[in-house]
Amino acid sequence: MYTLTLLLLAVFCLFIGVCGFVRWDASWLRDMNTPPVQILIILAGILFLCAALLVIFRLLQRLGAKGLKRTAVICMLILTAGQLILLFLVQPMLRYDSLKTFDMAVEMLKTHAVSETYETGYFARYTNNYPIVLLTYWFLLVLSKCGVPQSLFMPAVQLVNIACITGSIWLGYLLVKELRGRLKAVFYLVVCALCPLSYVWAGFFYTTTCSIPCLMGILYLYLRIPKAASVWKRSLLGALAGLLLILGYKLRATTMIAGIAVGILILMKLSGLAAEKGNRLARLRSVLTAVLKKYASSMAVFLLTALLSLTFWHTMTERYVPFDYKNTGFPMIHWVMMSARWDGSFDQSDEIYTFSFKTKEEKIEADKKVLLERIRDAGPSGLVVLAGRKLLNTWADGTDNFRAENSYCTYSRPYEYLLGSKCGFMVIYAQIFRVLQMLAIGFLALLAVKRREYSPLFLIQLTLLGGIAFHIVWEANPLYSICFTFLGLILLSDGIASLAEEEKASIFLQKGWIGCAGAFAVMLVLLFFGKKELVETPIEEQHYCVNQYQYAGEAAGFVSDASQIYTQTFTADKPFNRIAIQAINTVGPYNQSAFMVKLTDEYGNVFYDEKFLSGMVVKNTPYAFVLDTIVPEGSTRYTLEIAPGYVKNEDSLEFLAYNTGNCDMYPGGALTIGGEEQPNGDLAFSVYEYEVTTYFNIKIYLMLCAGILLLLGGITAGMQRLFDKKMY
């Protein structure tokens with residue numbers, strides 16, 4: 001079992017790592033977006049990142065216990081401050097599933113019940129989201145009782161999210177400290193502080209991030225319970241473990257992988273102790289008796305707490321979910337069935353198919369039938385290829401899709417370069433981190449197999465393998481690897497530390513600066529040729545004032561009479577020349593209905609007053625009205641009015657909006673339909689300046705190049721000095 005685990009982990013991680021050299025979005029490099037260039041960039045980046053981490057580890061080795069403790073505190077402060085700065089500087093807003101669960105929790109402050117009909121039956125289908133909704137509802141209920149305004153609810157849950165991420169990192173520190181000592185634990189914190197994924201999810205309050213402390217806590221408590229000095233302390237830790245296991249499982253099922261890994265490791269240890277000497281059966285009896293005698297109380301409390309926690313969540317679900325969710329909810333086989341196509345991603349047609357059946361039994365039978373058909377059609381070789389695609393879909397993207405999940409923000413210059421349209425260098429950095437991480441994990445596992453020695457981090461490796469294996473049979477998505485981010489960083493930091501301590505690697509480390517010098521030359525050439533693509537090649541850019549693209553709530557339907565006038569106000573303080581709306585056109589290009597569109601400012605000035613035909617809207621693709629460039633004098637309020645001209649039946653448009661009445665997705669404006677203001681409602685619309693520009697201007701590009709080359713030169717010098725033959 002031990003050898004098989006390490007071999008599988010090595011195969012999976014090395015496969016992901018190798019494919020990661022070209023499995024990233026390099027489209028922003030224009031004509032340089034070719035596999036050879038992608039490979040060179042990532043390869044040079046890996047050499048420098050590895051060298052930088054080696055230098056940092058060597059510097060940490062020179063610190064005493066007090067210096068390491070201070071470094072740990074500094075790293076935690078950096079990690080916390082970095083997330084807070086990103087949250088308040090960029091102000092990312094919840095979207096998609098995370099927005100739905102939050103919006104439902106806000107609605108429950110009035111209804112005190114989960115809605116079956118919300119967003120075309122979202123919560124009727126996805127019963128797995130009930131716990132996060134209830135926890136959010138209880139938290140917001142406390143805030144509302146304390147007089148906190150509703151406008152602060154979203155930032156409040158995002159602060160909880162930051163606490164979850166920071167707490168997970170600290171639990172990782174405690175884990176490494178238990179397994180590998182303080183030095184490597186502090187080095188792990190440094191790696192976390194340097195990893196972009198430690199910061200980019202600051203605003204992403206959802207089960208993915210909120211469940212990580214439970215997963216990390218289960219692993220840590222497994223190590224701490226045997227070291228507890230008294231029965232009472234072991235019992236208390238056992239109760240906490242039971243609570244975390246069920247809470248984590250209810251938030252996100254992947255948390256149970258940590259519990260399963262702990263169970264497997266316990267069985268392996270018991271089996272190993274029983275095989276040490278004498279009669280195996282007698283020895284096993286003796287070992288079990290000793291274990292039960294010592295841990296009987298903690299095991300009993302663990303089981304009791306887990307049972308009570310399960311009962312609690314079942315009772316709460318029955319209380320707050322007034323409809324028959326057992327029949328409307330998707331069975332587990334739905335996700336297995338849906339994932340058995342192409343790369344295992346979400347597929348709306350499969351969602352509609354499963355939801356079309358009324359009872360749980362019918363859903364299971366229907367999904368099972370489709371699943372078996374897909375397995376037969378794929379065949380053994382097709383299933384292997386599918387598994388490979390799903391591995392890459394979930395793990396190969398070093399960004400974990402953070403650009404898409406942070407696309408609804410305050411569109412400032414920092415956002416643009418960190419998470420927005422010009423974050424190419426951040427994407428490269430994240431991809432370098434992911435590839436190095438996967439290669440380090442894979443080689444570390446192979447090394448343990450080769451040496452036939454027990455890996456101190458086997459518990460971490462086993463849990464990570466469980467996460468990888470789970471998503472081979474489940475739905476695949478880059479977001480799903482977030483839960484295991486810090487386990488991967490633990491293994492990365494240990495791999496680098498092991499390399500620094502390896503005597504056989506001394507020659508490699510002494511000559512490492514030569515490799516860095518070669519990589520420096522490669523980067524210099526790439527940056528030189530990159531000037532043409534990034535400074536001289538024209539691109540189309542949209543600089544947003546508003547980008548409220550979410551839509552949910554009660555649909556107003558197709559506009560049917562002249563009184564159904566849409567009025568959306570918004571505030572702008574920077575130039576714009578486009579206003580885009582989202583609408584549904586079921587007729588197509590032959591839709592002959594007409595609307596009058598008018599834009600005025602708060603002083604009554606008219607900037608646009610034109611007619612447009614519904615046939616110009618393609619499905620629900622945003623349709624943009626072209627304006628002369630408008631330059632506001634300070635913060636100015638504008639009014640967009642869309643009035644029906646000629647409409648007849650479905651020869652019209654349905655304008656999309658976010659008007660659930662719970663969350664105001666755009667506080668800078670308001671929506672009125674037919675003279676009736678929509679509470680907390682806004683159109684799905686955007687206001688932006690369209691221009692033809694370049695990715696960077698020459699000044700910014702030269703500054704970036706100078707900064708990058710200075711950093712790389714410093715790493716090269718550090719390798720030469722700290723790993724010099726005389727000092728090694």
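**Exercise 1.** Is D350 buried or exposed?

*Solution.* Keep in mind that you're looking at a predicted model. Start with the cut-off: buried means under 20% relative accessible area. D350 comes in at 4%, so it counts as buried. Now look for its partner: D350 forms a salt bridge with R341, with the closest N and O atoms 3.1 Å apart. R341 has a relative accessible area of 30%, which makes that residue partly exposed. Finally, widen the view: R341, D347, D350 and R374 are linked in a network of salt bridges.

**Exercise 2.** Work out which parts of the chain the R95 and E405 pair ties together.

*Solution.* First check the contact: the two side chains, R95 and E405, meet in a salt bridge at 3.5 Å, N to O. Next, place the residues: R95 sits in the loop between α3 (65–90) and α4 (96–111), and E405 in helix α18 (residues 402–405), so the pair ties together parts that are 310 residues apart in sequence. Last, check the cover: R95 and E405 are both buried.

**Exercise 3.** Find the residues that make the nonpolar surface patch of about 290 Å².

*Solution.* Pick out V22, I39, L43 and L47. Then zoom in on I39, which lies in helix α2 (residues 35–61). Its relative accessibility is 37%, so I39 counts as partly exposed.

Terms used:
Residues numbered from 1 in each chain as written. Predicted model: local features only at pLDDT ≥ 70, side-chain atom pairs only at ≥ 80, totals over all residues. Heavy atoms only, no water. Patch = residues over 30% accessible without salt bridge, like charges linked within 9 Å, V, L, I, M, F, W, Y side chains within 5 Å. Areas by Shrake-Rupley, 256 points an atom, 1.4 Å probe, with all protein chains shown as cover. Salt bridge = Lys/Arg side-chain N within 4 Å of Asp/Glu carboxyl O. Helix = DSSP H or I, 4+ residues; strand = E, 2+ residues; numbered from the N terminus. Buried < 20%, exposed > 50% of the residue type's maximum accessible area, 1.4 Å probe, protein only.
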